[in-house]
Amino acid sequence: MSHNIPVILAILAMIFLVYLVIGMAMPVLPLHVHQGLGMSTFMVGVVVGIQFAATLISRLWAGQYTDSRGAKQAVISGLVVGVLSGIFYLASLRFVDQPQVSISLLILGRALLGGAESFVIIGALSWGVGLMGSQHSGKVMAWVGMAMYAAYAIGAPVGSVVYTDYGFFSISLVTALFPFGALLLCLPLPSAAIIRSTPASFRSVFGEVWVPGLGLALSSIGFGAVTTFIALLFAQQGWGMVWLAFTALSCAFILARLIFGHLPDRIGGAKVALVCVLIEALGQLFIWTAPWPSIALLGAALTGFGYSLVYPAFGVEAINRIPPQSRALAMGVYTGCLDLALGVASPLLGLIANSGGLRAVYLTSTLVVLCSTAVAIRLLKPAVTL
C-alpha cells in the first residue's frame, strides 16, 4: 500500500488546485454578484447554487464514466472542462456594463465548473479507494476532504486580498489556470485499474445509498448557509475580514479530519454522523444568534468541525452496501444527494434572506441540520423505517 502513496499525494494535490479555485471565489462571488453587478440575494443564491445543480446533474454520468473508462480519464475530462469554466468567467467581465449578459455568462461558467468538479472528485475518490482498498474508504474520503478544505482555508483569504486589489478578473484568471496546472500534474500518473464486471443497476445502487445520502443532504445545508451567505452577513453587520469565517470553517474541518478521520472506519459511520450533526447544528445556532463577530466565527468553526466527518461517516455506510465494480456510481449517487440539497437550498435560502433577513437563513439551517439526526439513528437501527 505504501508504494501507492506518491500517486495518492498527486491526486490530493490536483484536488487542492481545483478547490483552491472554488475557495478563492467563496467570499467574493456573492459580493461581485450583489454589489458589483447589482443583483439581489436571490440571484446570489442562484449563481452559487447553479454550480451544485450542475454537479448534481453530472454526478451519475461521472460515476458511470469512471466505472467504465477509468478514474484517470474521468479526472482529465473534469480538468479540461474546469479550464473552460474559467474562460466563461473571463468572458463575463467584458459585459459588466450589461449585468444581464454578464450574469448569464457567469452562470454558464459556474455550471461548467460544477460539471468539472463532479468528474474530478468522483474520479479522484474512485482512484484513491481503488489504490487503498474499500476497507480504507473512510480514510480516503477524509484525506480528500482535507485537501478540499485546506484549499478553502487558503483560498478564502487569498481570494479576498486579490479581489480587493485586482477585482474579479483575478478570480476568473485562476479559475482557468489552476485546473490547467492540475491537468499537467495528472497526465504522467499511472492509470487506475478498471474492475471488469457487470455493474449494478442505478435502481439497486440508489436503493442502497439513498438513506445515508439523505443524511448527507440534510446536514449539508449548514455548510451551504455559511459558504453562500456568511460574506453578506459580515458585510451587513460591518464586521469586516469576512475571509476569517471561511478560514475558521476550513481549519476546524481539517483539524477534525486529522484527529478523528479514522473513526468512521473503526467504529461505524452512523455513530460518528450522529455526534457530528449535533455539533454542526450548534454552530449554525451560534451564527443565528451571534451579537459579535467572534461568536459568528465560533459558529463557523463548529459548523466546519461537525460537518467534517459527516461526509465520510455517511459515506462509509453507503460504500459498504455496494459491490466494488459499482463503487464510482455509488459515490456519484451519494455525493449527488449533497449537490441536490445545495442546488435547491441556495436559492431557497436566498428567498428566506430576502423576506426574513440574513439571520433567518441560519435559523432555518439549524432546524434542517437537526433533521439529519433521524437518518443517523435510522442507520444505527436498520429495522426501524423512517
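User: On a 1 Å grid over the protein atoms alone, a pocket is an open set of points with protein on both sides within 12 Å along at least five of seven lines. What volume does the second largest pocket have?

Analyst: This is a predicted model: local features need pLDDT of at least 70, side-chain atom pairs count only at pLDDT 80 or more, and totals for chains, interfaces and linings use all residues. Residues are numbered from 1 along each chain as its sequence is written, and side-chain values use heavy atoms, with hydrogens and water left out. Grid points are joined across faces, edges and corners, and a volume is the space filled by probe spheres set on them. For the second largest pocket that gives about 150 Å³.

User: How many nonpolar residues line the second largest pocket?

Analyst: Ala, Val, Leu, Ile, Met, Phe, Trp, Tyr, Cys and Pro count as nonpolar, Asp, Glu, Lys and Arg as charged, and the others, Gly among them, as polar. The lining has no charged residues and 3 polar ones. The nonpolar count is 10.

User: What is the volume of the largest cavity?

Analyst: A cavity is a set of points where a 1.4 Å probe fits but cannot get out. The whole structure has 3 cavities of 30 Å³ or more. The largest cavity holds about 440 Å³.

User: Which helix gives the most to the lining of the largest cavity?

Analyst: Among the 32 lining residues, Tyr 19, Phe 52, Met 148, Tyr 152 and Phe 223 lie nearest the centre. By class, 21 are nonpolar, 6 polar and 5 charged. Several helices supply at least two residues each, including α1 (5–25), α3 (41–69) and α8 (202–237). The top contributor, with 6 residues, is α6.

User: Where does the lining of the second largest cavity come from?

Analyst: This cavity has a volume of about 40 Å³. Its lining includes Ile 8, Ala 124 and Trp 143. By class it has 7 nonpolar residues, 1 polar and no charged. The helices that each supply at least two lining residues are α1, α5 and α6.

User: What does Ile 15 touch beyond its sequence neighbours?

Analyst: Contact means heavy atoms within 4.5 Å. Neighbours within four places in sequence are left aside. The partners of Ile 15 are Ile 121, Ala 124, Val 144, Ala 147 and Met 148.

User: How many residues separate Tyr 89 and Phe 168?

Analyst: Rings of Phe, Tyr and Trp (its six-membered ring) pair if their centres lie within 6.5 Å; planes under 30 degrees apart count as stacked, over 60 as edge-to-face and the rest as tilted. The structure has 7 aromatic pairs. Tyr 89 and Phe 168 are stacked, at 5.9 Å centre to centre and 20° between the planes. The pair links helix α4 (residues 71–92) to helix α7 (residues 168–186), and the two residues are 79 apart.

User: Why do Phe 223 and Tyr 307 count as stacked?

Analyst: Phe 223 is buried at 6% relative accessibility, and Tyr 307 is buried at 4%. The ring centres are 5.2 Å apart and the planes lie at 10°, so the pair is stacked.

User: Which residues does Ser 372 contact?

Analyst: Ser 372 lies in helix α15 (residues 358–380). It is buried, at 0% relative accessibility. Leaving aside neighbours within four places in sequence, its contacts are Gly 215, Leu 218, Ser 219, Val 277 and Phe 314.

Conventions
On a 1 Å grid over the protein atoms alone, a cavity is a set of points where a 1.4 Å probe fits but cannot get out, and a pocket is an open set with protein on both sides within 12 Å along at least five of seven lines; lining residues have an atom within 4 Å of a point. Helices (H or I, at least four residues) and strands (E, at least two) are DSSP runs, numbered from the N terminus. Buried means under 20% relative accessible area, exposed over 50%, partly exposed in between (1.4 Å probe, protein chains only).
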